Amino acid sequence: MQDRLIFIGPDCWGKKTNPYFIEDNTLYTGFHALVEKQGLSVKIGRWDIPGNPISILVDFSSLFEKKDQIYGWMWENYQVDSLHAYGDYDEASMFSYAAALVVELFYKNYLGQDKKVIYHGNEWMTGLGLLYINKVLPQIGTVFTTHATSIGRSIAGNNKPLYDYLFAYNGDQMSWELNMQSKHSVEKQTAHHVDCFTTVSDITAHECLELLDKPVDFVLPNGFDDSIVPKGIQFNKKRKTARETLLKVANALLGTNLGDDTLIVSTSGRYEFRNKGVDVFIEAMNRLLRDRNLKKTVLAFIEVPGWVGEARQDLIDRLNSGESFDTPLEVPEITHWLHNMSHDNVLGMLKFLDMHNRPEDRVKLIFLPCYLTGDDGIINLTYYDVVLGNDLCIYPSYYEPWGYTPLEAIAFKVPCITTDLAGFGLWANSVKGDVSKITDGVEVIHRTDYNYSEVADRIKDVVTYYSGLSDSEILSCRKNAEKLSKKALWDKFIKYYLEAYQFALKKVEIRNAK
């Protein structure tokens, strides 16, 4: 699509340098002045990723004083209930509304009536803007993709059984029970009013039907761009660096001498303790401690951003000393101090299970509670540079509409474990035509509302099995993982987007003909 595609995002960085955005004042000269007349300001440039798409970043702070007026308009026109808003609802909504105002100005000043235009919003956070465009610019086709229903995520995150009772849940009723009225309201009304409503997997499509009372028009699975995966010598070099770094940090923290034959495994994602399966990952590692068939020492990482305070100075001092140590640091389970050490779910479960990385333990588990952006103070590598140092990645999600983390893992030739409650897991099964196994590159474990214990046991068994594979068998698993990832590249999945866009444009055509 080249420069016919424009991304709109929030200007989060303000006057600071945005490392992902390159401003270009030669693009759409004069547009800044048009926007400023509306009390907004924008930066125009290009997103610093492959393809360098045009991006407009909007500062939406001026809209907060008009918040009640905007919410009133949304209630009158679409019955969006913003009365119970809290937390991130206001910020997301003001951005979304500002983005729509930017689109309105851009459309009227740079695009003619003869142009076919799509406005595509992702997640409930873009709902207000989609509804505004739907009302004010009916000549624009609107597409809404929810990557997870807000109420479905909330039901799962509140330890309620989602899947067995999905047919019986009423989304509106549950939104009141779980204090999610506003997010659910804007998501539901957007789903019902856009020209094309989509989601990312069949499992979430079913959820949308039950909780939003609206069937999706298309399923748009998430693709991957493998241009970020290093090739050849560069790949081997980066993998070696990642492994050396992870082992060095572990040895300094634990007072051990773990070598390159250590089996490095990890889980990662957002900090949704139950939804992302962090709890069952810890349980599996605890059971692995007592598995006599385990052939290698396991070094497990939980790479999930918590309420991080600062990098541990005692660990930094050890890493900088260049020495080796035979005694662990205090609290040898974590690399960065947290603001809520006594109330953290991961640390709490480790304490409950008495998992303290003792010298005799063949499974060591370390919590890396920060965003891996390359400057965390301990690892100092980006997430993608860290992930390729793993031997196995484990994502035993309970609630996972798609699952980018396992797709990223296999793209970096790291076999992974996931579940059939993840859209990606279901897709992997569909590609094989049967249940995918670790020898296929992805182990898809059957997960239900109630089989937590069986899932933990299965993860333990797969890791044990993998620890006994020969080098040639491991190479085969890694090749199969990479091969599967090639079937999920964007050039395979973009066709679904084009179908959705055609569907929305057809609606516009019919509307304009009236």
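These are my notebook entries on a predicted model of one protein chain.

**Entry: the whole chain**

I began with the overall make-up. The protein chain holds 18 helices and 16 strands. I then looked up its extent. Along the principal axes, the C-alpha atoms fill a box of roughly 75 × 50 × 45 Å. Next came the radius of gyration. For 514 residues a compact globule would have a value near 24 Å, and the protein chain has 24 Å, so the two agree.

I checked burial too. Of the 514 residues, 56% are buried. Residues 24 or more positions apart account for 70% of them.

The protein chain exposes about 23200 Å². Carbon and sulfur atoms supply 51% of that area. I also looked up the charges. There are 55 positive and 68 negative side chains. The centres of the two sets lie 4 Å apart.

**Entry: Val80 and its loop**

Where does Val80 lie? I found Val80 in the loop between helix H2 (67–78) and helix H3 (89–110). Is Val80 buried or exposed? Its relative accessible area is 1%, so Val80 counts as buried. I listed its contacts, leaving out residues up to four places away in sequence. Val80 touches Met74, Trp75, Tyr89, Leu128, Leu131, Ser185, Val186 and Gln189. I also took one distance across the chain. Val80 and Cys416 are 336 residues apart in sequence, and their C-alpha atoms are 41 Å apart in space.

Gln79 sits in the loop between H2 and H3 as well. Gln79 is partly exposed, with a relative accessible area of 42%. I noted its backbone. Gln79 is not a glycine, yet it has a positive phi of about 55°. Most residues other than glycine have a negative phi.

**Entry: Asn159**

I looked up another positive phi. Asn159 has one of about 65° and is not a glycine either. Asn159 is placed in the loop between helix H5 (150–157) and helix H6 (171–177). With 57% relative accessibility, Asn159 counts as exposed, because the cut-off for exposed is over 50%.

**Entry: helix H4**

How many residues of helix H4 (residues 127–136) are buried? I counted eight of its 10 residues, so helix H4 is mostly covered. The buried ones are Gly127, Leu128, Gly129, Leu130, Leu131, Tyr132, Ile133 and Asn134. What do they pack against? I found H2, H3, strand S5 (118–122), strand S6 (141–146) and helix H7 (181–193). Leu128 and Leu131 of this helix are also among the residues that Val80 touches.

**Entry: helix H16**

Helix H16 runs over residues 452–467 and has 16 residues. From first C-alpha to last, H16 reaches 23 Å, close to the 22 Å expected at 1.5 Å a residue. I noted its buried residues: Val455, Ala456, Ile459, Lys460, Val462, Val463, Thr464, Tyr466 and Ser467. An α-helix has 3.6 residues a turn, so residues three or four places apart point the same way.

**Entry: Phe301**

My last stop was a strand residue. Phe301 is found in strand S10 (residues 298–303). Its relative accessible area is 0%, so Phe301 is buried. Beyond residues up to four places away in sequence, Phe301 touches Leu246, Ile264, Val265, Ser266, Thr267, Phe281, Ile366 and Leu368. I also took its distance to Ile334, which is 33 residues away along the chain. The two C-alpha atoms are separated by 9.6 Å.

Notes:
Residues numbered from 1 in each chain as written. Predicted model: local features only at pLDDT ≥ 70, side-chain atom pairs only at ≥ 80, totals over all residues. Heavy atoms only, no water. Helix = DSSP H or I, 4+ residues; strand = E, 2+ residues; numbered from the N terminus. Expected span 1.5 Å × (residues − 1). Buried < 20%, exposed > 50% of the residue type's maximum accessible area, 1.4 Å probe, protein only. Rg over C-alpha atoms; globule rule 2.2 N^0.38 Å. Contact = heavy atoms within 4.5 Å. Areas by Shrake-Rupley, 256 points an atom, 1.4 Å probe, with all protein chains shown as cover. Lys, Arg positive; Asp, Glu negative; His and termini not counted. Charge placed at Lys NZ, Arg CZ, Asp CG, Glu CD.
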